[in-house]
Amino acid sequence: MIPTSRHAVIHYAEIGLKGRNRPFFERALADNVARHLEPLGVEKVERLPGRLLARLAQRRDEAAWTAALSTVFGIAYFAPAFEAEREMEAIREVVLAHLVPEPAESFRIRASRADKSFPLLSPEIERELGTAVQERTGWPVQLEGAALEIGVEVVYDRALVTFGRIRGPGGLPVGVSGRVGLLLSGGIDSPVAGYLVLKRGCTVTPIHFHSRPFGNWRGAEKRARKIVEALATYGMTPHLHAVPIGRQQREITVRAPAGFRVLLYRRLMVRAAEHLMLREGGKALVTGESLGQVASQTLEGLAATEDAAAVPILRPLIGMDKQEIVDQAHSIGTFILSQIPGDDCCSFLMPRNVVTRPRLKAVRQAEATVDMDALVDEALARASRIEVDPATSRLEHDVNARSRTARRGEG
Ligand code: ATP
Ligand code: MG
């Protein structure tokens, strides 16, 4: 029902976009759209009043547009489009020329005028074009829930005719909210936390800690890398900081009281992550903690990690149930990656009992048994930066989207 097209109109949610922020927001969105459309052969992403217009070298079908744009945060909805001269006769011709032969169960025309000087009002445009389409096709008009929505958007120098309306992922364009460092374990939670801050417009630097030289740290590192590849599709910075802390963990185990070990590993991670994040110009850390999910995620436990950081720690999952997090992990494609075998560094040298409601004073005392600054420095000295290739995951994503569309088509 949707014709192939070289153009797509892209709409963003306008809340919070008043005044001076707007051009900044639009530029960021246009850049991100252009980057995602690169594999489709993008020629231009134009900023028109209140919307963007993307142009490709060749016509593409709805599935290709959807695969490329469904991961661009900041898009409220988009639609395959055609340009017409800003004049009723030309608009009618463009609409009629692109009606596909297969019949629509119902349709409606939806007109909007960014340019209020256009001689016809929106309802008049809708009536006139509705009649023309009906005469041509015999399709019934249905104002609510039409099978095909044909849009006419009158902007200043032209009109845009759109077919269908595809929902975008919402949120804000990656890049408008500043940089954060994500503590990415490889578990189910932290990838979802990363996704949620990307969705709010953050640029995200992923940071992973592993137990090298002990245990299956290679598996853990690979798992984190795969997750970054998947999240790079949504705009995560495609390099991973991998920090070995096995020796430092052992040092903590030898010296500090057993019940505080995990908290001290955490404080070590937070400090090292903060350093790496600040070096890239970041302003906050992000974790996948959710209140009460496990013994260490009590208010007291959160306060004990918070105490080690000089920057805000964002916890986007704080109010989510495990099942909600799992569902989200499935839908963004990271759940399956979290199953890649590897040893989590927190389970390495895990004591039998952990303190669940630690008092800050006791935590600091426990920490005083080791030279924490030196441990952090040693860990950072061995940190590596691993480049990941977002193109692979984008390709996989495209294929997935295509096979989903194909399945829908069969059914
Ligand atoms: P996840 O599923 O994200 O591992 P979790 O429920 O298992 O979370 P914890 O293991 O207690 O919770 O970890 C809490 C948070 O601390 C994680 O969400 C993550 O942000 C951070 N974290 C834990 N281990 C690591 C690690 N090895 N590298 C980086 N960050 C980590
Ligand atoms: Mg974990």
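A polar contact is a pair of N or O atoms within 3.5 Å; within protein, one atom must be able to donate a hydrogen and the other to accept it, and residues adjacent in sequence count only if both atoms are side-chain atoms. The model is predicted, so that local features need pLDDT of at least 70 and side-chain atom pairs count only at pLDDT 80 or more, while totals for chains, interfaces and linings use all residues. Residues are numbered from 1 along each chain as its sequence is written, chains are lettered from A and ligands numbered from 1 in the order in which they are written, and side-chain values use heavy atoms, without hydrogens and water.

The ligand site comes first. An oxygen atom of ligand 1 lies 2.5 Å from an N or O atom in the side chain of Asp189. Backbone atoms also take part: a polar one of Ile188 is 3.1 Å from an oxygen atom of ligand 1, and an N or O atom of the Gly288 backbone is 3.0 Å from an oxygen atom of ligand 1. On its own, ligand 1 has 570 Å² of accessible area (Shrake-Rupley method, 1.4 Å probe), of which the protein covers 90%.

The shell around ligand 1 holds 20 residues, each with a heavy atom within 4 Å. Seven of these residues are nonpolar, nine polar and four charged; Ala, Val, Leu, Ile, Met, Phe, Trp, Tyr, Cys and Pro count as nonpolar, Asp, Glu, Lys and Arg as charged, and the others, Gly among them, as polar. Strand β10 gives the largest share, three residues.

The structure contains 26 of them, each a side-chain nitrogen of Lys or Arg within 4 Å of a carboxyl oxygen of Asp or Glu. One joins Arg51 and Glu153 at 2.7 Å, N to O. Arg51 lies in strand β3 and Glu153 in strand β6, so this pair ties together parts that are 102 residues apart in sequence. Both Arg51 and Glu153 are buried, that is, under 20% relative accessible area with a 1.4 Å probe and protein chains only (exposed is over 50%, partly exposed in between).

Another salt bridge connects Glu367 with Arg267, their closest N and O atoms being 2.6 Å apart. Because Glu367 lies in helix α11 and Arg267 in helix α8, the pair ties together parts that are 100 residues apart in sequence. Both residues, Glu367 and Arg267, are buried.

Conventions. Helix = DSSP H or I, 4+ residues; strand = E, 2+ residues; numbered from the N terminus.
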